[in-house]
Every structure is written in C-alpha cells, then in structure tokens.
Amino acid sequence: MSSLTKAHRMAGEAFRKTYEFCAREGLKTGVTQERVDGGRMDSGGPSEAMSIAQGSLKAAIGHHEIVGVVVSVCGHGMSLREISAKTGDPRASLLTLLRIGLDNLAMHYQITARPRRGA
C-alpha cells in the first residue's frame with residue numbers, strides 16, 4: 001500500500017513480530033512442577049505473560065473494529081480487498097481504520113512521538 005508511511009510500515013512489522021511471538025508462545029503451557037502431595041503447581045509463566053502482552057497491544061490499537069483490521073492485515077497477512085470481500089465494508093473505510101491503528105501502534109512502539117496536549 002503506497003498510502004502508508006514509513007512509521008506505519010515499521011509499526012505493522014513490529015506488531016506482526018509480536019503477534020507471531022504471542023501466537024507461538026501462547027500455545028505453550030509454561031513450567032509445571034509436581035508438588036509432594038502429587039498436585040500440580042503452575043508458575044504462571046508464558047500463557048499469563050502472553051495474555052497481558054496481547055491485552056496491552058489491543059488497548060494500544062484502540063476500538064475493536066480497528067483491532068480486527070490491524071490483526072487481519074498485519075497478523076494474518078490479508079489484503080484490504082480480501083477483508084472487504086469478506087465483510088462487505090468499503091476498502092477506503094478499512095484503509096482509514098488500518099491507518100488509525102498503525103498510528104496508535106507507532107506511538108505505542110515509540111516510533112513516533114505522542115502529540116502534545118494543550119500546547
């Protein structure tokens with residue numbers, strides 16, 4: 001997409017890497033130890049950490065519709081045309097949602113600075 005900025009592309013790539021890591025590590029159950037009485041004792045390891053990481057990314061992106069577009073494009077590699085065909089939403093609207101999500105991610109990953117308030 002030629003209408004995306006370098007910051008958008010960097011944010012999308014960072015999200016993709018994080019998304020793939022969360023998907024890969026989220027499948028692991030973490031360290032489990034046997035207690036003396038035979039019960040299990042979980043360490044709260046990767047699955048809890050991945051849940052926190054995924055939650056913070058979704059919070060950084062914004063509204064659930066924006067999250068859906070960003071995850072579909074950056075996480076699953078879908079094109080806006082494919083999403084449009086699936087959802088019936090116009091590609092221009094999807095592009096706007098993608099840009100908003102990538103702007104938010106660029107600020108989250110500190111690729112771009114947050115706008116100053118009250119200046």
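This is a predicted model: local features need pLDDT of at least 70, side-chain atom pairs count only at pLDDT 80 or more; totals for chains, interfaces and linings use all residues.
User: What makes helix 4 oblique to helix 5?

Analyst: Helix 4 (residues 80-87) and helix 5 (residues 91-108) pack at an angle of about 120 degrees, with their axes 9 Å apart. Angles from 65 to 115 degrees count as roughly perpendicular and those over 145 as roughly antiparallel, while the rest are oblique, and therefore helix 4 is called oblique to helix 5. The crossing of helix 4 past helix 5 is right-handed.

User: Which residues meet where helix 4 contacts helix 5?

Analyst: From helix 4, Leu80, Arg81, Ile83 and Ser84 meet Arg91, Leu94, Leu95 and Leu98 of helix 5. Sorted by class, this contact has five nonpolar, one polar and two charged residues.

User: Why is Val67 called buried?

Analyst: Val67, which is found in helix 3 (residues 64-75), has a relative accessible area of 10%; buried means under 20%, so Val67 is buried. Not counting residues up to four places away in sequence, Val67 touches Lys58, Ile61 and Gly62. Although Val67 and Gly101 are 34 residues apart in sequence, their C-alpha atoms are 7.0 Å apart in space.

Methods: Residues are numbered from 1 along each chain as its sequence is written. Side-chain values use heavy atoms; hydrogens and water are left out. Axes are lines fitted to C-alpha atoms, for helices over the stretch in contact, and angles run from 0 to 180 degrees between N-to-C directions. Helices (H or I, at least four residues) and strands (E, at least two) are DSSP runs, numbered from the N terminus. Angles under 35 degrees count as roughly parallel, over 145 as roughly antiparallel, 65 to 115 as roughly perpendicular and the rest as oblique. A crossing is left-handed if the near helix is turned anticlockwise from the far one by less than a right angle, and right-handed if clockwise. Contact means heavy atoms within 4.5 Å. Ala, Val, Leu, Ile, Met, Phe, Trp, Tyr, Cys and Pro count as nonpolar, Asp, Glu, Lys and Arg as charged, and the others, Gly among them, as polar. Buried means under 20% relative accessible area, exposed over 50%, partly exposed in between (1.4 Å probe, protein chains only).
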